[in-house]
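Please read it alongside the sequence and the model shown here.

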Amino acid sequence: MGETLTTLMRWVHISSAVTLIGGIFYARFVMLPAASALSADARATLEEHAAARFRPVMFAAMAGLILAGAYKLLTNPGHTALYHALFGIKFLLALHVFSVAILTSAPHNHRRARQLFGAAFSGVTILLISAYLKGIA
């Protein structure tokens, strides 16, 4: 049972990260530039509808990341100080991604593109730190 739960939690964590960060990348680098070809009213309508449709997916991904991340942290004790320092940075960046995702899914956000760019950068940084932590764990 222990290996099955650990595998399930790892899958939940990875799939939630892919969903959240992938959605942010798609919104910033595909949808928003494509919507710029539309009229101002059509663009605003598209952005609002897309943000509303992504909101429940985003909250589910955040819940999966928190649940699976807490499970992994609690079931793998005894890491080095470097591991914990990098994990702390990763956690703070994740809070940034979460808060920006919530802000960008809010209606009538005129700074959506800039905020999504920052969240995409934080997401890539989280992935780099995660790859490094996997190697030293």
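A residue is called buried when its relative accessible area is under 20%, exposed when it is over 50%, and partly exposed in between, using a 1.4 Å probe and protein chains only. By that definition F59, with a relative accessible area of 41%, is partly exposed. This is a predicted model, in which local features need pLDDT of at least 70, side-chain atom pairs count only at pLDDT 80 or more, and totals for chains, interfaces and linings use all residues. Residues are numbered from 1 along each chain as its sequence is written, and side-chain values use heavy atoms, with hydrogens and water left out.

**Overall architecture**

- The chain contains four helices and zero strands, where helices (H or I, at least four residues) and strands (E, at least two) are DSSP runs numbered from the N terminus.
- In sequence order the pattern is α-α-α-α.
- The C-alpha trace spans about 55 × 30 × 20 Å along its principal axes.
- Of the 137 residues in the chain, 31% are buried.

**Helix α1**

- The 34 residues of α1 should span 50 Å at 1.5 Å a residue, and the end C-alpha atoms are 47 Å apart, which agrees; the expected span is 1.5 Å times one less than the number of residues.
- A kink of about 40° in α1 is centred on A27, the bend at a residue being the angle between axes fitted to the seven residues ending there and the seven starting there.
- A27 is also one of the buried residues of α1, which include M9, V12, L20, I24 and M31.
- L5 belongs to α1 and is partly exposed, with a relative accessible area of 30%.
- L5 and T125 are 120 residues apart in sequence, and their C-alpha atoms lie 27 Å apart in space.
- H13 is another residue of α1; its relative accessible area is 24%, so H13 is partly exposed.
- P33 is found in α1, which covers residues 2–35, and is partly exposed at a relative accessible area of 39%.
- From P33 to A60 the distance is 26 Å, C-alpha to C-alpha, and they are 27 residues apart in sequence.

**Helix α2**

- Helix α2 (residues 40–75) has 36 residues, which should span 52 Å at 1.5 Å a residue; the distance of 50 Å between its end C-alpha atoms agrees.
- At R55, shortly before the proline P56, α2 has a kink of about 35°.
- Among the buried residues of α2 are E47, A51, M58, M62, L65 and G69.
- F59 is found in α2, and its C-alpha atom is separated by 9.0 Å from that of A101, 42 residues apart along the chain.

**Helix packing**

- Two packed helices are described by the angle between their axes and the distance between the axes.
- Axes are lines fitted to C-alpha atoms, for helices over the stretch in contact, and angles run from 0 to 180 degrees between N-to-C directions.
- The axes of α1 and α2 come within 8 Å and cross at roughly 160°.
- That angle makes α1 roughly antiparallel to α2; angles under 35 degrees count as roughly parallel, over 145 as roughly antiparallel, 65 to 115 as roughly perpendicular and the rest as oblique.
- The contact of α1 with α2 has 19 nonpolar, eight polar and two charged residues, where Ala, Val, Leu, Ile, Met, Phe, Trp, Tyr, Cys and Pro count as nonpolar, Asp, Glu, Lys and Arg as charged, and the others, Gly among them, as polar.
- Helix α3 (residues 81–104) packs against helix α4 (residues 112–136) at an angle of about 155°, with the axes 9 Å apart.
- Helices α3 and α4 are therefore roughly antiparallel to each other.
- In the contact of α3 with α4 there are 17 nonpolar, eight polar and two charged residues.

**The loop between α3 and α4**

- H108 lies in the loop between α3 and α4 and counts as exposed, at 62% relative accessibility.
- Most residues other than glycine have a negative phi.
- H108 has a positive phi of about 60° although it is not a glycine.
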